[in-house]
Amino acid sequence: MAILAFFIIHWYTSLFFQSVFHHRYAAHNTFTMTKTWERLFYIGCFITQGSSYISAYTYGLMHRLHHAHTDKPEDPHSPHNEPNPFAMMWLTRNSYFNIYIGKKVVEEKYKKNLPDWKAFDKIAHSGFARLFWIGIYVFIYALLVTAWWQWILLPVTITMGSFQGVIVNWWAHKFGYENFAMANTSKNILPIDLVFWGEAYHNNHHKHPTKPNNASKWFEWDMGFQAMRLLHLCRIIKIR
Ligand SMILES: [Zn+2]
Ligand SMILES: [Zn+2]
């Protein structure tokens, strides 16, 4: 089933950029890299996230607000403010857009060390670019689908970045296990995470937000951190 292979490749590549570039680099500054590499990561985001492209600057800002106000009314995405995951996805989209267009003013203290490439964001974020990618996806589906029900995956493909974000942010503040007693509801959602690039260890992450490795117990394994180690060895990034 070729469409499933496409879906899986899209899932892993898109989430790699969200976990490593948006979350660990933009929001938490767990590693550094040159401006050239930073720009190549931007282009990687555009290719892998396509119609659900997220601005690294806006993501970083919104995510810092999540850590500062976890589970409180100011949290941009909390299942405790909005228990329905689809409604939460819509609210997150609105928080994100309000920050992106400057309608929501964020305090200066959250803006330190955020990557910012406005000219690129302007193109990648445009309605035209999103429609272009949707056209590409429809074309790929038309080529690869072998049964009508496989089209069900298309809406997920189109909204991939937001879909992945909401899964982690909803699930990881609802169900799972805790290694650390916290004043918030963060949970680790899978003991062995082979699907979320290590983002499943959300309780560990809330305990140590700037630690590059999200794994904490002996059985936990952070695929995103292993990828970072490889990039570090290749001198593409420098882990702090
Ligand atoms: Zn969280
Ligand atoms: Zn974080």
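A residue counts as buried under 20% relative accessible area, as exposed over 50% and as partly exposed in between (1.4 Å probe, protein chains only). The structure is a predicted model, in which local features need pLDDT of at least 70, side-chain atom pairs count only at pLDDT 80 or more, and totals for chains, interfaces and linings use all residues. Residues are numbered from 1 along each chain as its sequence is written, chains are lettered from A and ligands numbered from 1 in the order in which they are written, and side-chain values use heavy atoms, with hydrogens and water left out.

His-125 has a relative accessibility of 8% and is therefore buried. Its place is the loop between helix 5 (118-124) and helix 6 (127-144). Helices (H or I, at least four residues) and strands (E, at least two) are DSSP runs, numbered from the N terminus. The side chains of His-125 and Tyr-96 form a polar contact of 2.7 Å. Such a contact is a pair of N or O atoms within 3.5 Å; within protein, one must be able to donate a hydrogen and the other to accept it, and residues adjacent in sequence count only if both atoms are side-chain atoms. Beyond four places in sequence, His-125 is in contact (heavy atoms within 4.5 Å) with Tyr-53, Ser-55, Tyr-96, Phe-97, Tyr-100 and Arg-130.

Helix 1 (residues 2-27) crosses helix 8 (residues 160-171) at roughly 70°, and the axes come within 10 Å. Axes are lines fitted to C-alpha atoms, for helices over the stretch in contact, and angles run from 0 to 180 degrees between N-to-C directions. Angles under 35 degrees count as roughly parallel, over 145 as roughly antiparallel, 65 to 115 as roughly perpendicular and the rest as oblique. On the helix 1 side, the contact includes Phe-7, His-10 and Trp-11; on the helix 8 side, it includes Met-160, Gly-161 and Phe-163. Six residues of this contact are nonpolar, six are polar and none is charged. Ala, Val, Leu, Ile, Met, Phe, Trp, Tyr, Cys and Pro count as nonpolar, Asp, Glu, Lys and Arg as charged, and the others, Gly among them, as polar.

Helix 1 also meets helix 3 (residues 56-68): their axes come within 9 Å and cross at roughly 70°. Helix 1 is therefore roughly perpendicular to helix 3. Gln-18, Phe-21, His-22, His-23, Ala-26 and Ala-27 of helix 1 meet Ala-56, Tyr-59, Gly-60, His-63, Arg-64 and His-67 of helix 3. This contact of helix 1 with helix 3 has five nonpolar, six polar and one charged residues.

Trp-197 lies in the loop between helix 8 and helix 9 (202-207). Trp-197 is buried, at a relative accessible area of 14%. A polar atom of the Trp-197 side chain lies 2.8 Å from the backbone oxygen of Tyr-12. Trp-197 also touches, among others, Leu-15, Phe-16, Asp-222 and Met-223.

Asp-222 caps the N-terminal end of helix 10, with a side-chain oxygen 3.0 Å from the backbone nitrogen of Gly-224. The buried residues of helix 10 (residues 223-233) are Met-223, Gly-224, Phe-225, Ala-227, Met-228 and Leu-231. They pack against helix 1, strand 1 (31-32), helix 2 (35-49) and strand 2 (238-239). Just after helix 10, Arg-235 has a positive phi of about 60°.

Pro-83 sits in the loop between helix 3 and helix 4 (85-100). Pro-83 is partly exposed, at 46% relative accessible area.
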